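Trainee: Could we go through how the helices pack in this one, and then look at the core?
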Amino acid sequence: METATAIETVPSYIKDAWWTPDDGAPATDALDASTGEVLARVCAEGLDLAGAVEHARTVGQTELGRLTMHERALKLRELATFLNGRREELYAVSAQTGATKTDSMVDIDGGIGVLFTFSSKGRRELPNSNIIVEGPVEVLSKDGSFMGEHIYTRIPGVDVQVNAFNFPVWGMLEKFAPAFIAGVPTIVKPATPSVYLAAAAVRAMVESGILPPGSLQLVAGSARDLLDHLDYRDMLSFTGSASTARLLRDHPNVSGGGVRFTAETDSLNAAILGPDAIPGTPEFDAFVRSVVTEMTVKAGQKCTAIRRAIVPDGLRGAVIDAVGARINERIVVGDPRTEGVTMGALASLEQLADVRAAVAAMLVAGGELAYGTLAAPMVQDADEVGAGVGRGAFMSPVLLDWPDAEAPAVHTLEAFGPVCGVLGFSTHDDGASEAVRLAALGAGSLVATVCSNDPGFVRDVVAGIASRHGRVLVLNREDARTSTGHGSPVPHLVHGGPGRAGGGEELGGIRSVKHHMQRTAIQGSPNMLTAVTGVWHEGADRRIAGDPEFGGRAGEVHPFRKSLAQLRIGDAFASGLRQVTLADITAFAKTTGDTFYAHTDAAAAAKNPFFPGIVAHGYLLVSWAAGLFVEPAPGPVLANYGLENLRFLTPVAAEDAIRVTLTAKQITPRVTDDYGEVRWDAVLHNQNGDVVASYDVLTLVEKVETLYA
């Protein structure tokens, strides 16, 4: 007699240890979406949620705070590389959620890709410190002794993320990555139907040994009182239904206690086909491909899926026929572990019932079944006995035709599965405004696609719908093959939307890092702002080498002779004057070919209200400035790789003179290299002390002088 295999409980990871509830605690079954097999029990009864929050605020905050943003970004890269080596085992678990290999790649590879992207952007776009300076300095006193600016510092609490069932890996990592770079620990609460996949990913992350203690915790099961332990120090990031978002938003600690809250909820996203995109055009084909992809990837269980295909009235039939034909050609429903299957099951039987009920309501409200069925579909099953039928959460793709494009149901009901509605708009007079009006009936969405090769139509539609959407994809023959697609948020751009979509915002590159930080206005003297930010401010103390007439002091070493180990913020060099002659200006004009009249025609230049006659080229002055401040011998400065924020403020005429003052403004060592970046404040003055030009010079400098020592 065979002994039944014990079904394990999905563990939580709390206070840097794995935890499971006591035997006999009430649990929920997590099922294989295709077979109905019980995979695991899910229960968090007795879990110390208050202790988890406190652990994050203390141990997590302390350990993350030991690292700079660059060091945390580097750990993300290490973690992404580690997870790449664990993808196959995560794919196997993902298949149990009903996901095909393609679906799993979107979720797992997509999540890993987010880590890589934020690692790169964090090291490239953020300072190697824990303070971000935002915007220019505001001088608040006549003598420059009092000024203000804005800075970002990390919030002192924890980011609690409550995630949906459809993307248990990507949904976790796209929230975790920016929080981690900001230095904020994370508690993850996945949805029960796919919690076992999120737990498998967390186990791999823990086993990597890369994450600092307290930086990541996992709650597997109910966390009903978790919000009771949050306060103004913390952040709650939610993805799921609008009804749940309302409950969370109404919690006293959110509504009145200052917990930061962001939500991504229901979204009746639209794809709009332009009147020019008739059958046979690349735009028509791209539109059909996009609709079918969004109906069938993850079995349509995507918050970004196309729910409304808004097309010219005269093309409704052609679109329906083309979508149906492509589904017939490309889509095979079944167990994703079976060869040839291209669309798997929904996440659960409960989810299947909800989607079928929503479609049934739409049929009653005026939708007409144009493709598909609500009956159990024929499926490809691994056991070859039809085990999935009745036990698996399988559903046919369903396309609905809406003769009345303004029927309320198509703009209010969301069937969170492989379902899309087709509705037409009149192209008489102004088709763009009609399409915009229909799209707006969705009351706020995550994303819309505009598929057209008519620039005027695209311009009018985008201008009309942008304020109601978090993202707009413009699809035409030029990007149809390279586009990442309607339903794929990218970490570089914002993900979220207004109104029904929740009003939240995630991703968006460094913007999302700042979501986990507090923006603060700081006021003080130049020296104090320099001390706080690590960025030199005009008027702060300097140690100046160079010409004594302009502040240079004997014994000061030229800052270009200093490695990063020796260089300090405020180290500076002041040059002497160099006179500009008419011959210099003329020679530069001939050599470069820049014979603009202000540099070559005295009579014409004299008529220009900005110039006193012939003036020197701005780039001549910048080139000379480099000659004035460069220390030419080989040394710690390895390369000049650019300049930023260049402004020409005072014209320089023949016989005027210029000088330059160069100050070490910001020093950013690179974690993985033997050199770092130095940003220098460069200011050109004329012989009267007027500012001629200002800009930042960027150089790469050795951490320790080795090459030329």
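This is a predicted model: local features need pLDDT of at least 70, side-chain atom pairs count only at pLDDT 80 or more; totals for chains, interfaces and linings use all residues.

Mentor: Residues are numbered from 1 along each chain as its sequence is written, and side-chain values use heavy atoms, with hydrogens and water left out.

Trainee: At what angle do α9 and α10 cross?

Mentor: The axes of α9 (residues 282-296) and α10 (residues 316-330) cross at roughly 55 degrees and come within 9 Å, the axes being lines fitted to C-alpha atoms over the stretch in contact, with angles from 0 to 180 degrees between N-to-C directions. That makes α9 oblique to α10, since angles under 35 degrees count as roughly parallel, over 145 as roughly antiparallel, 65 to 115 as roughly perpendicular and the rest as oblique. Helices here are DSSP runs (H or I, at least four residues) numbered from the N terminus.

Trainee: And which residues in α9 meet α10?

Mentor: Among them are F284, F287 and V291 in α9, while the α10 side includes V319 and V323, with contact meaning heavy atoms within 4.5 Å.

Trainee: Switching topic, how many residues has the largest nonpolar core?

Mentor: That core has 65 residues, and I272, L273, F287 and V323 have the most contacts inside it; such a core is a set of buried Ala, Val, Leu, Ile, Met, Phe, Trp, Tyr and Cys residues joined through side-chain atoms within 4.5 Å, where buried means under 20% relative accessible area (1.4 Å probe, protein chains only). Its largest share, 7 residues, comes from α9.

Trainee: What does F287 touch?

Mentor: Leaving aside residues up to four places away in sequence, F287 touches A271, I272, L273, A309, V311, V319 and C451. A second, separate core of 55 residues includes A40, A80, F118 and I510.

Terms used: Helices (H or I, at least four residues) and strands (E, at least two) are DSSP runs, numbered from the N terminus. Buried means under 20% relative accessible area, exposed over 50%, partly exposed in between (1.4 Å probe, protein chains only).
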